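Work through the exercises below with the sequence and the structure side by side. Each task is followed by a worked solution.

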Amino acid sequence: MLNKINRLKAEIESLKASTAEEIEVLRIKYLSKKGEISQLFNDFRTVAAEQKREVGKLLNELKELAQNKINELKEEQGNGSQEVCPIDLTRTSYPVRLGTRHPISLVKNEICDIFGRLGFSIAEGPEVEDDWHVFSALNFADDHPARDMQDTFFIQRSPDVLLRTHTSSVQTRIMEHSTPPIRIICPGRVYRNEAISYRAHCFFHQVEALYVDKNVSFADLKQALLFFAKEMFGPDTKIRLRPSYFPFTEPSAEMDISCNLCGGKGCAFCKHTGWVEILGCGMVDPNVLEACGIDSNVYSGYALGMGIERITNLKYQVKDLRMFSENDQRFLEEFVSAH
């Protein structure tokens, strides 16, 4: 054992290397788990008891000598390489390209900020939902077309578990467990079984708002809509409300804004009508309030919902919905100045 230690000591003291690869070979030969010094430590158990103290000390000194020699060779090799190629390999590559916020995120944040100034707080819910919160609690009849497989993604062939088709499911969850006044805005991703094209996708993003309190009227809804339109599209924006139908609101309406491209004069974008539809809205149906445990004789409310992609199209004139989900860096870089 002593002869092996002395032999390795002489070898290590005379070690030389000119490249990092050679140094690594020497490190593996002497200091790795299967190296020669490690093998000596494994053989240490066979040393006689009276020699263990002396041999153990020599082994530790040998290992320390090998580590110091390898470090010394690394320093010498490193100093030499800096003179030839003075590059700091630990330095981050430059220039660093900064990312940008996605246009959907930009518009969603702006919508939430506008309604936040009206006192709305953000509420979120699960994307995998049950039939009650997505349809039944919202006054959808059993034979309503939205329950058909053509529109809804069902999970595991179950008629009760599905991907939410709108963020109204968040509203029903909040109403079930909250006491009015309720003033929330619900942004999130929704899913519908539709063919993907430049104007439709199987997933998209919505923002829905809900206000429930005593004596809430349609006039309150109209004022909130007018404030939103002017803040989002400019102070000269006008709105109009057209009668419509939704199972969860009565009366219901669809809201148009004056075309922000032609100023309401008529162009190809607004089909020469001067108006562009952006959202649906209405007073919360009493059946929905009762289903969620809220007394419709005491409380009333309004709800509204819009597609974020639709608002983004109007704001930035993006003509193909597929571009929002393709992660094309050239497309995303166009929104750097929109932050």
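**Exercise 1. Find the residues that Thr 165 touches, and decide whether Thr 165 is buried or exposed.**

Step 1. Leaving out residues up to four places away in sequence, Thr 165 touches Val 134, Phe 135, Asp 151, Thr 152, Val 190, Tyr 191, Arg 192 and Gln 206. Contact means heavy atoms within 4.5 Å.

Step 2. Thr 165 sits in the loop between strand S3 (161-163) and helix H7 (168-176). Helices (H or I, at least four residues) and strands (E, at least two) are DSSP runs, numbered from the N terminus.

Step 3. Thr 165 counts as buried because its relative accessibility is 6%. Buried means under 20% relative accessible area, exposed over 50%, and partly exposed in between (1.4 Å probe, protein chains only).

The model is predicted: local features need pLDDT of at least 70 and side-chain atom pairs count only at pLDDT 80 or more, while totals for chains, interfaces and linings use all residues. Residues are numbered from 1 along each chain as its sequence is written, and side-chain values use heavy atoms, with hydrogens and water left out.

**Exercise 2. Describe how H2 and H3 pack.**

Step 1. H2 (residues 20-31) and H3 pack at an angle of about 5°, and their axes are 4 Å apart. Axes are lines fitted to C-alpha atoms, for helices over the stretch in contact, and angles run from 0 to 180 degrees between N-to-C directions.

Step 2. The two helices H2 and H3 are therefore roughly parallel, a term for angles under 35 degrees.

Step 3. Lys 29, Tyr 30 and Leu 31 of H2 meet Glu 36, Ile 37 and Ser 38 of H3.

Step 4. In H3 (residues 36-43), the buried residues are Ile 37, Ser 38 and Leu 40. They lie on the same side of H3 because they cover an arc of only 155° around the axis, taken from the directions from the helix axis to the C-beta atoms.

Terms used:
Parallel < 35°, antiparallel > 145°, perpendicular 65-115°, else oblique.
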